[in-house]
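Colleague: Could we go through this model together? I have some questions about contacts.

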Amino acid sequence: MLQEDAPVNDITLAGFPLDLLALQLVTGVALGAIYVLVGIGLSLIFGLMNVVNFAHGAFFMAGAYVGVFLYGYTGNFWVSLVAAPLAMGLLGLVVERVLVRPLYGRGIDDPLLLTFGLSYVMVESVRIAFGLTGLPFGAPPELRGAVDIGIGYFPLYRLFLIAFSLVVVGALWLFIERTSFGLVIRAGARDPQIVQVLGIEISKVWLAVFGLGCALAGLAGILAAPLQGVTPEMGIPVLAEAFVVTVVGGMGSLAGAVLAGLIVGIVVAMTSLVAPDMTKMAIFALMALVLLVRPRGLLGRAGALG
Amino acid sequence: MSAQASGQALAKGGALTSSRPGSGRWLALASRHRVALTLAFLLVFPWIAPYQALAVNILVLGLYALGFNLLFGYTGLLSFGHAAFLGGGAYGSGIAIVHYGLHPALALIAGTLLATLIAAIMGVLAIRTRGIYFAMTTLALSMCVYYAFYRAEAFTGGENGLRGINVQSLALPGFTLNLLDPMVKYYAVLAIVGAAVWLFSRLLSSPFGAALEAIRENEGRAQACGYDVRRMKLVAFILSGALCGLAGALQAIHLSIVPIETMHYATSGQAVMMALLGGMGTFFGPFVGAATFSLLQDGLATLTSHWQLLVGAIFIAFVLFLPLGIWGEVLARLRRAGW
């Protein structure tokens, strides 16, 4: 991630030119955008339904595969960008209706265990369909190259990633805060029984939100695909990192997921500059720190959607 | 699985003695002699198992599931990070043998100690979270341990795993065991696993064991009764890690290699699967689960390289239709039949 043509500046911080640090900061925001999308999907489902979706990483991975596969067919990245979340959203609807719904009213661990089993099935199905080794994938031609953002050249695709995620998160915020369905979602997170008493079928809301969360995972998957290619195992670290995002941000808090996602992204980018070997561990060190100082997370409150 | 559901599992068919006089006499008797019965089964197991190397696998995995069950089944804490303890034990004993040439018995202790240390560090952090958070935190922390061991290539062999753990014979005072003979190996491992099973049973019968079950049933109430819930959970976490570490240490010597996958997320998931398949919160369930998982894996792997698909589907079916697990269901039926 070190830019070879990074401009040499007189001002340095800890031995690194400020321009380079600033560029790395933007890289962190781009990586963070992925974490934000994954984390929001997980938090949304948890905040409303008290279900931890252990197949979230598998949805991320399957979304990436659907997108890459369709790109091979159509050559149009925008089609993939719509189809991947759509396919994962539909799959999420089926999973909720057929597998998760029978478990409501049983223990809180049951849906977690079930989705854990589901992740095995999904990963293995992808292996059967697309092979064990994974597929290479790069940014689509119209999003390749780099642009000057004032502090140096920055990959265009990562800028797109930031902008697109911003739009998605903004739309999601409007949806939850400004629409009547969003109101029902927020009310359902607070007290599903009252919502039911008011004549709204809460199970339909849960169905929709589960689908929405899975769609966000799928979207994050196809957005991440150009950064790293796709493999059947790509969802496993993402699942762990999404957990870090939700623990750091505060479970069930959407604002917390956004904040924590960006922090995690920036921590990853900065560590890869200073100590590349420690990148993976830095994320978890961050989580350990938050657990020690503020166990409920940065913006964590009990239950409610922030 | 919820505290309530597992509580029911136990009340219906678990290891507790029946409160109704006249019924459940046989199960109560079996429960009193659970260590002897478990050991009796494990003593004859190599003659039932398809082949003896598999029997050793199942024995070691059974101990792993047993350690996991202390936390999940008896304390009600679902951890998704137990690979760090199995791996810690395996690497600890492997490194002791390969790098320091220690006697296997000392290596077992070294492995168990390393796993205990990892469990203590992870426990202090993870215990700060409750309920569903706990599963996520333990998973994330175990991934951190995985990356740390992955990076420490000089000691662990990194991606290639730790090789060269060559223990062919075990010199004990007075005699030498030839571990190349699978039967000798099985009974040598059983001696250690049996001791662990006995310790585990003592632990469960102690006031501490009762307090753990109280925490599982109702954490708030246990707290109100004056128990230091946090501390007891931490102790349970560390003991569970130590048992799994011992399993890992045995596995390293048994397989003579520690693959990096030992620490991976999938290995943590395997503990969850074995515990649920066998029947969580039951004394003998972990061994049933370990045997079921190993036989499934072994049988399906000969049919298809995609055995994980079927294992995942079977696991889903268990969550949906047989949440008590095989042994839990057997006990529940026996209890209903008035045994």
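Colleague: Leaving aside neighbours within four places in sequence, which residues is A:Gly39 in contact with?

Modeller: Beyond those neighbours, A:Gly39 is in contact with A:Ala242, A:Val245, A:Thr246, A:Gly249, A:Ala257, A:Ala260 and A:Gly261; contact requires C-beta atoms, placed from the backbone, within 7 Å. This is a predicted model, in which local features need pLDDT of at least 70 and side-chain atom pairs count only at pLDDT 80 or more, while totals for chains, interfaces and linings use all residues. Residues are numbered from 1 along each chain as its sequence is written, with chains lettered from A and ligands numbered from 1 in the order in which they are written.

Colleague: Is A:Gly39 buried or exposed?

Modeller: A:Gly39 is buried, because 33 other C-beta atoms lie within 10 Å; the cut-off for buried is 20 or more, with 12 or fewer for exposed and partly exposed in between, using C-beta atoms placed from the backbone.

Colleague: Turning to the chains, how many residues of chain B are in contact with chain A?

Modeller: In chain B, 37 residues are in contact with 36 residues of chain A. The largest share of that side of chain B, 13 residues, comes from helix 7 (helices are DSSP runs of H or I, at least four residues, numbered from the N terminus).

Colleague: And what is A:Val244 in contact with, its neighbours within four places in sequence aside?

Modeller: A:Val244 is in contact with A:Val264, A:Ile283, A:Phe284, A:Met287 and, from chain B, B:Ala140. Both A:Val244 and B:Ala140 are among the residues with the most contacts inside the largest nonpolar core, which has 210 residues; such a core is a set of buried Ala, Val, Leu, Ile, Met, Phe, Trp, Tyr and Cys residues joined through C-beta atoms within 7 Å.

Notes
Contact = placed C-beta atoms within 7 Å. Helix = DSSP H or I, 4+ residues; strand = E, 2+ residues; numbered from the N terminus.
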